[in-house]
Amino acid sequence: MIAFTKVTKTHGKRHLYKDASFQINPGDRVGLVGPNGTGKTTIFRLIMGEERPDEGTISIPERFRIGYFSQEPAADTEASVLASALAGAGEVAELEAAIASLSEQLGDPDLAEDRMNVILEELGEAQTRFENLGGYDLESRAQVVLGGLGFSNEDMQKPVRAFSGGWRMRIELAKVLLGQPDALVLDEPTNHLDVESIVWLEEFLSQYKGTIFMTSHDRDFMNRLVRKIVALEWGQINVYSGNYDHYEREAAQRLENLEAAAERQEAFLEKEEKFIARFKARASHASSVQSRVKMIEKIDRIEVPKEGKAVDFRWLPGQRSGEIIADVQGVTKTYGSKQVLGGVDFQVKRLERVALLGINGAGKSTLLKILAGDLEPDDGSCKLGASLQMGYFAQHQAEQLDPGKTVFDTVQDIVPTTGRGVIQNLLGSLRFSGDDVEKKISVLSGGEKTRVVLACLIAKPRNLLILDEPTNHLDLRSREVLLEALKAFEGTLLFVSHDRHFLRELATRVILIDRGQTHDFPGGLGYFLEKSGHKMPGSEYTVRVG
């Protein structure tokens, strides 16, 4: 059991939470939710002892093993992916090393008998524990886990340094999963995973016997795995039974009830204050007035929390485009010796909402870059239609913002003739209010940078949006509002997303990229699943074409 008892934690002068109490029992599946910046990662760090509470206690039983995934990539080493995963597999790896060391000591011809007996006893205990943790099939399990997270057999033999940060994150996740701890504490485990790997991880965790405490911006992932929600809201920690959908409904109902109670209290207090003001000068009512004054002083005022509003905006409508948005003919693209796209052909028509699907590295971002004009194909052509007003959100665009500029100046650069008031209103709709607009890009969180990029996109009228993972770094509520805004967008949409809820709600057409070829499914995600024959838990897919 992990228990928080009256925990208070501050960052600077700001209370993250005060007098917070909750507990996670053995076998619980718990989701941690809250807007970005409310202290979710801090809770994980408190559990792991990396930070200490200002007040209160955090209780964890002795010998209770926790596997912590913390968004830190595996070290940049020459060790192979498989060796790195094996070496980092927690207690199992430590026991394997101990068994090897003890066995080596037994080979010493000068070893004294009493020392030999001690070593034999330690070796027996280590071997028993190693076997109970599945150590003797560790390598085969490592191959299964790494394969599920997207590594081919060939990849597993390559050095870790050959892979990007996102892939090294997968190696770190594999280490945590291989350790078979009593509890998994997972900080955004679905980040950097493609849909296929997310579905595999979901299935793996559904069969895991221990406790799970995690946060994720993937709504479907949370809904299918958790049975309790710990919510950071309004400087408090509240606990809800059920999955994320149930939490949303229950939280909305609690807030509605609180608002109604506050209104009733306000009406009662207003009535009493009018009585006091009317009769306070009359001696005949002095006793009654005084009792009412004392009663009002003792009443605890109901405060309705002023939660920061989620992203709320609408795309400026553009002019009518031509009927053909893009005509792609025979497009190929090769990086070094690897052909990513090999003779791709398709057309995009006005008002279509096209989702590009495929495993990581299949060429989705490459194809979007070619469509956006940021990349030239090696062969073939990509002809764009008439009267297009394009907005392009690149996967790492948020990291390319000028760190020395303010939020306001960054948007003003896009629309230099637009008045200050208009830009401030736009930024206000994206939760940049007051002095926030003067913050430097360098001090913003990942989610805030994403909102700045979105502000730059919506500052101009658009009739075509090309979006590469637009939900990265956005919290769940911000994702929902972005989704609603895109549903209302009066133009054509091409997008890549690993958010399955996003895919299901938006796509009217699916183009699957597999082994350099495109496979066209002129319908939404349900149509794709039906026609392709792929099975994806909860209406998701596993790519296996050909």
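Two strands are taken to pair if DSSP finds at least two bridges between them, where strands (E, at least two residues) and helices (H or I, at least four) are DSSP runs numbered from the N terminus. The model is a predicted one, in which local features need pLDDT of at least 70 and side-chain atom pairs count only at pLDDT 80 or more, while totals for chains, interfaces and linings use all residues. Residues are numbered from 1 along each chain as its sequence is written, and side-chain values use heavy atoms, with hydrogens and water left out.

**View 1. Pairing of β5 with β6.** Strand β5 runs parallel to β6 (residues 183–187), and 4 bridges join the two. Within this pair, Ile 66 lies opposite Ala 183 of β6.

**View 2. The open sheet around β5.** The order β5-β6-β7-β3-β8-β9 describes an open sheet of 6 strands with mixed pairing. Because β5 (66–69) and β9 (236–241) are at the edges and have a single partner strand each, one side of each is left without a neighbour in the sheet. From one strand to the next, the twist averages 15 degrees, with axes being lines fitted to C-alpha atoms and angles running from 0 to 180 degrees between N-to-C directions.

**View 3. The protein chain that holds the sheet.** The protein chain contains 18 helices and 18 strands, and its C-alpha atoms fill a box of roughly 105 × 80 × 45 Å along the principal axes. Of its 546 residues, 47% count as buried, that is, under 20% relative accessible area with a 1.4 Å probe, protein chains only.

Key:
Buried means under 20% relative accessible area, exposed over 50%, partly exposed in between (1.4 Å probe, protein chains only).
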